[in-house]
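This report turns to the strands of a protein chain, how they pair, and the nonpolar core that accompanies them. The sequence and structure are shown first.

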Amino acid sequence: MPPHFLASVFRIQPRRPAPVRPFGVRALSAANGLASPLLLCILLALFLLLAATPAQALPPRQFVLDTFAIETRDGTLVLRLGVGVDDPDGLRDLLKDGAEMELRGTATLTRRRGVLPDVTLAEKAFACVLRHDTLTREFELRLEGREAPWRDKNLTRLLEGTWKRLVLPLAPIAGLEKGEPHRVSLALSLRHTDVPPWLSRTLFFWSWEVVPDATFTQDFTY
């Protein structure tokens, strides 16, 4: 056998160096492999927890005044109000879920004096608590200063006879100055009186306000 044939068969091939990996690449790849199943487990746990959480009723977003009228009755200036919210169904759902809320209002009568500070002539406030009785399935409204509450299984009918028929005596007409500008301001708030029972089972942000506080004004000249 010719020598050149043996040389071609047993020729030593040059050894290629192994590829160099940056330090920490293997550890990082292993961590990524573990992180993916862990992330899936966390997402699955959150999904199951949300699915098991009872749906929370959405509250109304704002007050609505059906009536805001200034009248005179038997020598007294009175404010006649019709208070409501933009989503009565949402209000009903909150009450049936166990929420108890208080409507508070303060009416202020002032005499405008241009660049000078206004003069306060009178201030009247009212408060009433609204709740749902799970035993009788009635909605109950209790007005501050009145012993007997109003009750009705129909929330709309209950509010039509209470919130929407408010009358606040402000001041005797004799205390007003004729020809002078006056203003009536009404500040309203609707807030939870206690932590609702579903709060401990929800993950979402919760506020004491059922709807944001609001102020309504009306100017007039007597």
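## Basis for the strand pairing

In this predicted model, two strands are taken to pair if DSSP finds at least two bridges between them.

Strand 2 and strand 7 are joined in the antiparallel sense over 6 bridges, and Thr76 has Pro172, in strand 7, as its bridge partner.

## Two hairpins

Strand 4 (residues 116-133) pairs with strand 5 (residues 138-143) in the antiparallel sense over 6 bridges, with Leu143 in strand 5 as the bridge partner of Cys128. These two strands form a hairpin with 4 residues between them, and Arg137 in the turn has a positive phi of about 60 degrees.

Strand 5 is also joined to strand 6 (residues 150-152), by 3 bridges and in an antiparallel arrangement; here the bridge partner of Glu140 is Arg151. The hairpin of strand 5 and strand 6 has 6 residues between the strands, and Gly145 in its turn has a positive phi of about 95 degrees.

## The nonpolar core

The largest nonpolar core comprises 38 residues, of which Leu91, Leu130 and Leu190 touch the most other members. Strand 2 (residues 76-85) gives the most to this core, with 5 residues.

Leaving aside residues up to four places away in sequence, Leu130 touches a set of residues including Leu91, Leu95, Met101, Glu140, Leu155 and Trp163.

Definitions and conventions. Residues are numbered from 1 along each chain as its sequence is written. This is a predicted model: local features need pLDDT of at least 70, side-chain atom pairs count only at pLDDT 80 or more; totals for chains, interfaces and linings use all residues. Side-chain values use heavy atoms; hydrogens and water are left out. A nonpolar core is a set of buried Ala, Val, Leu, Ile, Met, Phe, Trp, Tyr and Cys residues joined through side-chain atoms within 4.5 Å. Buried means under 20% relative accessible area, exposed over 50%, partly exposed in between (1.4 Å probe, protein chains only). Contact means heavy atoms within 4.5 Å.
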